[in-house]
Structure formats: C-alpha cells, structure tokens
Amino acid sequence: MIKKAVIPAAGLGTRFLPATKATPKEMLPVVDKPAIQYVVEEAAAAGLSDVLMITGRNKRPLEDHFDRNYELESALTRKGDAERLLRVQESNELATMHYVRQGDPRGLGHAVLCAEPHVGEEPFAVLLGDDLIDARDRLLSRMIEVQEQHGGSVVALMEVEPSQIHLYGCVAVGPAPVAPDVVEITGLVEKPSVEEAPSNYAVIGRYVLSPAVFDVLRATEPGRGGEIQLTDALQQLAADATLGGPVHGVVFEGRRYDTGDRGDYLRAIVRLACEREDLGADFRTWLRRYVAEELAD
C-alpha cells in the first residue's frame with residue numbers, strides 16, 4: 001500500500017512579494033490555517049502517514065509548524081483553553097514528517113528526484129502546495145485506487161477552457177475512457193499554446209508515481225524554463241510503458257482552490273470562510289451587504 005507523500009515546497013513565492021520576503025508562501029494563512037496544513041491533512045486523510053517535504057532556504061517555519069510548541073501548549077493549558085490547544089496540536093499529529101533541502105532550484109522534476117533516497121522502490125504521491133483540494137471531495141484516495149489497480153503512474157486532471165490551457169501541463173488521451181473518471185494518457189506537453197494543445201485536460205497538482213520515474217528523471221534534460229520538468233518524464237513513461245508505465249489520469253470535477261495566484265488565493269479564503277460553521281453565517285451576511293453597497297455605487 002502507498003504510504004509516502006512528497007510535498008515540494010522550495011519555491012520562492014515571488015507572486016506574493018513582499019509578504020513572502022521572510023515568510024514561506026506555504027505558510028500564508030487560508031482563513032486560520034496555513035495553506036500547507038490543508039495539503040498535509042489531505043495526505044493524511046488518504047492514508048499517507050509518511051510525508052517528506054522538499055524545502056529550501058528560509059523554509060524553517062514549515063518545520064516549526066509541524067513540530068511541538070511546548071511553550072505555547074503550556075500557556076494554553078494554564079489558561080484552560082482546551083479548544084485552541086487541540087487546534088495547535090493537530091498539525092504535529094497528522095503524519096510523520098521528514099524534510100530534505102532541494103538546494104539548487106532546478107524545477108519540479110528535480111524536486112521529486114530529491115525524494116528518491118527517502119521513497120525507495122515503492123509508489124508514492126506528490127502533492128503540490130499551491131493546489132488545495134476541498135476535504136469533502138475525493139481525489140487522492142481515488143488516484144491511489146487507480147494506481148493499485150493498473151500500476152504505473154496516475155495524474156490528476158481537470159477540464160479547463162481552451163483559452164486557459166497554456167497555463168497548465170496538458171495531456172493527450174486514449175480513444176476510450178478506462179472508467180467514467182479515468183483516462184489513459186498517451187502524451188503530455190508543458191503549457192502548450194491553444195493551437196498545440198492535444199486536449200483541454202489540464203494537469204493539476206496531484207500525482208501518484210511509480211518509482212520508475214526516478215530513472216527517467218535522472219536522464220531527463222532541462223526543458224521549459226531551463227528546469228527539469230516532471231511533465232517531460234511522464235511523457236516518456238506514457239510513450240513507453242516498458243520504462244514503468246502506463247500513465248492514467250483521474251478527471252476531477254470537485255472543488256479546487258489555486259493559492260498560487262493572488263486572485264484565486266483571495267477567492268479561496270472567501271469560499272472557505274463562507275462555508276465554515278463557526279464563521280460562515282456572520283461572514284456571508286457581511287459579504288452580501290458589502291456586495292450590495294458596491295453594486296449600488
């Protein structure tokens with residue numbers, strides 16, 4: 001059974017400067033939890049109890065967040081604040097956390113390759129921290145099921161408008177679906193133009209990978225942006241199943257929040273706040289009033 005998850009978290013977060021000058025972008029709050037905690041919670045909910053985070057410079061707050069804070073816990077205990085104490089302790093009880101530095105930031109493919117000594121010869125999941133999948137929607141556990149059934153690697157897909165496909169990796173698929181929500185991937189291309197895109201299936205930030213990907217990544221030359229692209233390695237696996245394929249895609253139709261874009265990050269906060277039992281009612285009332293006032297102006 002798949003038990004290990006890899007979370008690349010070495011990016012600089014330049015789109016959120018100056019907020020990310022001294023704070024990792026993964027620690028930016030989404031309502032009242034850092035974005036990275038939602039990702040680790042998703043991994044844990046899918047049964048992945050071993051999490052390796054690929055970090056870089058200035059990422060120490062990530063390690064601190066998933067560690068015990070005895071001083072804070074002691075202060076909350078003295079105050080009798082059991083509710084906040086439990087919320088503080090949640091993050092360090094989700095999974096067994098490990099960390100390795102990427103060092104030279106050479107792309108997502110290189111970040112995944114950094115996980116090889118920890119992962120070994122077993123399938124593993126990769127979760128990108130910019131993509132938050134709503135906890136009520138089942139994606140990662142479904143991908144694990146598909147991998148256990150078919151072997152090889154599995155990629156999460158969403159259908160997007162053709163005009164948006166240049167923002168994503170894109171896949172070519174077989175002529176017939178394997179299951180209502182599963183397609184066979186025959187090719188991948190990173191951020192194609194509308195004219196070059198083989199479909200409107202976009203790759204989103206969830207993967208379940210065969211360990212064969214490591215051998216392919218080692219032989220993969222830098223591609224788009226001068227970086228080692230995971231998409232290029234998956235393209236080789238899809239084209240030649242003897243390398244460790246096949247490659248399948250799970251088509252996701254649920255709720256996804258892109259926290260790597262400033263506008264989508266703000267929309268994610270609003271949507272999640274509206275749906276919170278403790279915040280939603282008051283927040284929705286204020287939001288309706290605010291929107292009405294804006295429209296009136």
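The buried residues of helix α10 are covered by elements that include β2 (29-30), α1, β13 and α11 (280-296), where contact means heavy atoms within 4.5 Å. Helices (H or I, at least four residues) and strands (E, at least two) are DSSP runs, numbered from the N terminus. This is a predicted model, in which local features need pLDDT of at least 70 and side-chain atom pairs count only at pLDDT 80 or more, while totals for chains, interfaces and linings use all residues. Residues are numbered from 1 along each chain as its sequence is written, and side-chain values use heavy atoms, with hydrogens and water left out.

Helix α10 spans residues 262-275 and has 14 residues. From its first C-alpha to its last, α10 reaches 20 Å, close to the 20 Å expected at 1.5 Å a residue; the expected span is 1.5 Å times one less than the number of residues. Its buried residues are Y265, A268, L272, A273 and C274. Buried means under 20% relative accessible area, exposed over 50%, and partly exposed in between (1.4 Å probe, protein chains only). At the start of α10, a side-chain oxygen of D261 comes to within 3.0 Å of the backbone nitrogen of G263.

Helix α1, one of the elements that cover α10, is itself mostly covered, with 8 of its 11 residues buried. These are A35, I36, Q37, Y38, V39, V40, E42 and A43. After α1 comes G47, which has a positive phi, near 90°.

A nonpolar core is a set of buried Ala, Val, Leu, Ile, Met, Phe, Trp, Tyr and Cys residues joined through side-chain atoms within 4.5 Å. The largest such core has 43 residues, of which I7, L48, M53, L127, L139, L140 and V208 touch the most other members. Helix α1 (residues 35-45) gives the most to this core, with 6 residues. Another core lies apart from it and has 33 residues, including L113, V119, V203 and I228. In soluble globular proteins, nonpolar side chains tend to be buried together. Leaving aside neighbours within four places in sequence, L140 is in contact with E42, A43, A46, L48, A125, L127 and V208.

Strand β1 (residues 4-8) is largely enclosed by the rest of the structure, because 5 of its 5 residues are buried. Both of its faces are covered, with K4, V6 and P8 buried on one side and A5 and I7 on the other. In a regular strand the side chains alternate between the two faces of the sheet. Two strands pair if DSSP finds at least two bridges between them. Strand β1 runs parallel to β4 (residues 50-55), to which 5 bridges join it, and the bridge partner of P8 in β4 is I54. With β6, strand β1 also pairs in the parallel sense, over 2 bridges; here V6 stands opposite V126.

H248 is found in strand β12 (residues 247-251) and is buried, with a relative accessible area of 6%. Not counting residues up to four places away in sequence, H248 touches V146, H150, S153, V154, V155, V178, V182, V183, E184 and I185. G109, in helix α5 (residues 108-113), is buried with a relative accessible area of 0%.

Several loops carry backbone features of note. Most residues other than glycine have a negative phi, and most peptide bonds are trans. A cis peptide bond joins L17 and P18, with omega about 5°, and P18 is found in the loop between β1 and β2. V31 is not a glycine, yet has a positive phi of about 65°; V31 lies in the loop between β2 and β3 (33-34) and counts as partly exposed at 25% relative accessibility. N58, also not a glycine, has a positive phi of about 65°. N58 is placed in the loop between β4 and α2 (60-65) and is exposed, with a relative accessible area of 53%.

As to confidence, pLDDT is the predictor's confidence in each residue, from 0 to 100. The mean pLDDT of the protein is 91, and 100% of its residues reach 70 or more. Among the elements, strand β13 (residues 256-258) has the lowest mean pLDDT (89) and strand β6 (residues 124-127) the highest (97).

Technical notes. Polar contact = N/O pair within 3.5 Å; in protein donor to acceptor, adjacent residues only side chain to side chain.
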